[in-house]
2 protein chains.
Amino acid sequence: MKFSINQKDLYNALNIVRRAVAKNQTLPILTGIFLKLKNNKLTLKSTDLELGIKYDLTVKAESDGAIVLPATQFLNIIRELPNEDVYLELNQDKWQLQIKCINSLFKINGYDPDEFPNLPQVEESAKFELPANKFKEMIKKVRISTSKDETQPALTGALFEVESEKVKMVSTNTYRLSFIEAPLKTSVNEKIAVIIPGTTLQELNNLLEDEGSVEVEVDSNYARFTFAGIEVISRLIEGKFPNYELVIPDESNSNFSADLSQLHGAVKRASLIAKLDANIITLEAANGLMEINSAEGSSGYAHEEVKIDLEGPDQKINIDAGYFIDVLKVLDSEEINIEMIGPLNPLVVNSQKDGDKFIYLIMPVRSQS
Amino acid sequence: MKFSINQKDLYNALNIVRRAVAKNQTLPILTGIFLKLKNNKLTLKSTDLELGIKYDLTVKAESDGAIVLPATQFLNIIRELPNEDVYLELNQDKWQLQIKCINSLFKINGYDPDEFPNLPQVEESAKFELPANKFKEMIKKVRISTSKDETQPALTGALFEVESEKVKMVSTNTYRLSFIEAPLKTSVNEKIAVIIPGTTLQELNNLLEDEGSVEVEVDSNYARFTFAGIEVISRLIEGKFPNYELVIPDESNSNFSADLSQLHGAVKRASLIAKLDANIITLEAANGLMEINSAEGSSGYAHEEVKIDLEGPDQKINIDAGYFIDVLKVLDSEEINIEMIGPLNPLVVNSQKDGDKFIYLIMPVRSQS
């Protein structure tokens, strides 16, 4: 294995595959990045056995070969090199890679590449394409509601439902819920419904760009996402996603809209006091105003007012300020629309954009001390 | 106490005094910021009993008063408010401050200001002025060599020697040493020699700007630095600073210069491998080249080459890469000048600028495994 490549190109490639490198040391080889050179094509791979990433790039090659290198070390060295051609050569007897760039010479000890696990195959799969920007948008809005509680695995991911004319994603930690549906033609005949892990959504969100399309392949155990030369393979979460449809109210009593950035600022400030206790805030909508109050705790009290357009009766509800801030962060409209039934029903944030339907539910907190 | 002030002005002021707020909770009131209003002058104060900061600003006042407010909370709230006038009013029965800004209202519980300790007085002191930019420059170069070892208190600070025609600062952790001397007229008759704590140097470095001058007052226990409306009062470290003069070599065998940024890059890269072990690198100066090598450890090996102009015999020395990087970071010339006697004598970085003399010593590491 002997080849050369521009420093920046190699650094960018490593920065992509590093996202699936194992964070714990249980299997040391998984903290490495797999490199394989064949006919001018350098393949980089990483996996923590849940998620795998593969990226190919063209290099100036002299001879083929493969090695696994410790990811952090390799990445740090390539980052600090000047933006020039880097010459890499394998010493297979020692599983050591030599890196040369102008006046720098490194030898990094690695692992036998035969010990690196293969990325899983996605078999007899359904296959379809999505626009990358749209898919990223959906992921951003659904990612926030996934649960961290490993005792309910299905909730640590998002339901991904694909039909011939629409794509749906849903996530919930039972205290809040994200639902997004986009009218997309998908070349899918039979409805697909799988659960994508929250960590996979996070890395897809990091890697997806606003241009091009994503090819998605799904079987019962794995999903593969291919875009911009990157291949992301994720284990799917087994189990049944809860019946979320019953939770989404199909009508409301009151409906109000507010300026998004004003509301965001107000909730953020009120939360500065509220989070010193349980981060619960009270929203009161009446007379064209939304009042936001923290409980009067030992450290103090916060009160905010935001102008709203209110249709329907006055409303009052206690909710977790953090859950509210999460959705205020990912909305990108100027206005926010909120629907309410009453103090014991969820608060519903509603947004429609380019035919997409986004619903975000926050369950009320029954009482506030 | 009732007054108003622009949000940004108040935030900037709090950002200055927060630097002396106590980090631990032993005395809760010290995690607060003291506010006192008298005749349109708002005085802000903080102290952790080692360091104290006082800052005055003019406000639109209606009535006088004082309170101590929890620093983090107060600062977070003021930061999130819009850049408008903020109205503050004390409820003295509850030691609670009310903060109003447009549609925001906060009440923060604070402490009785009578319980806040007075900042120490500097008595019968020597008093002189220094240019702020020059003093900051000296601090930056001397700060890096202070020790973290609390068992040798004198080494956790920097010696500060002031005479009528020059100012000197020296620090060392016994493995490296910073010495800087500047030809400054100071209005000091009798030589002053005190030890300023490393933490004080750090905060002075953060607060000092490149313009104006610093008024310094020193007695045997405290020093006061006054600049840009800010007053910093620091306890001095008792004890005797070691006799550093014996350590600084008065001659050298070899002398070489190199491009600073090239050398910095090379040492940083070599350290990526070296720091996986003890962060020791070997420097070899010969034939117009400085070679930088890490030991060949279990993780790999690094070799760097930098062009130098060498006068005198070849040299080879083992040093701590971290100590070398620290000085490469604070130098601001294009070239670096290094002097050496031999492998068992310190490596000396030498820089002269505008009459200032800066010497940085790194002790050799005897052997390298």
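Contact here means that heavy atoms lie within 4.5 Å of each other. The structure is a predicted model, in which local features need pLDDT of at least 70, side-chain atom pairs count only at pLDDT 80 or more, and totals for chains, interfaces and linings use all residues. Residues are numbered from 1 along each chain as its sequence is written, chains are lettered from A and ligands numbered from 1 in the order in which they are written, and side-chain values use heavy atoms, with hydrogens and water left out.

We can begin with the overall build of chain A. Its secondary structure comes to 6 helices and 25 strands, where helices (H or I, at least four residues) and strands (E, at least two) are DSSP runs numbered from the N terminus. The C-alpha trace of chain A spans about 75 × 50 × 35 Å along its principal axes. Of the 369 residues in this chain, 55% count as buried; buried means under 20% relative accessible area, exposed over 50%, and partly exposed in between, with a 1.4 Å probe and protein chains only. Among contacts in chain A between residues at least 6 apart in sequence, 67% join residues at least 24 apart.

Residues 1–120 are 18% helix and 47% strand, with end C-alpha atoms 25 Å apart. For residues 247–366 the figures are 21% helix and 48% strand, and the end C-alpha atoms are 17 Å apart.

In chain B, 8 strands form an open antiparallel sheet in the order E6-E2-E3-E4-E17-E16-E15-E10; two strands pair if DSSP finds at least two bridges between them. Strand E6 (65–70) and strand E10 (126–131) of chain B are the edges, each pairing on one side only. From one strand to the next, the twist averages 20 degrees. Helix H3 (residues 132–143) of chain B packs on this sheet, touching E10, E15 and E16, and its direction makes about 90 degrees with that of E10(B). Axes are lines fitted to C-alpha atoms, for helices over the stretch in contact, and angles run from 0 to 180 degrees between N-to-C directions.

Beyond its neighbours within four places in sequence, B:Phe324 contacts residues including B:Leu263, B:Ile281 and B:Val349. B:Ser4, in strand E1 (residues 2–6) of chain B, is buried at 7% relative accessibility. Not counting residues up to four places away in sequence, B:Ser4 touches B:Val59, B:Lys60, B:Val86 and B:Tyr87.

Finally, the two chains can be compared. Chain A can be laid on chain B with an RMSD of 0.0 Å by a turn of 180 degrees and a shift of 0.0 Å along the axis, by least squares on the C-alpha atoms of residues with pLDDT of at least 70 in both. The copies are therefore related as by a two-fold rotation axis. Since 100% of the interface residues of chain A are also interface residues in chain B, the copies meet through the same surface.
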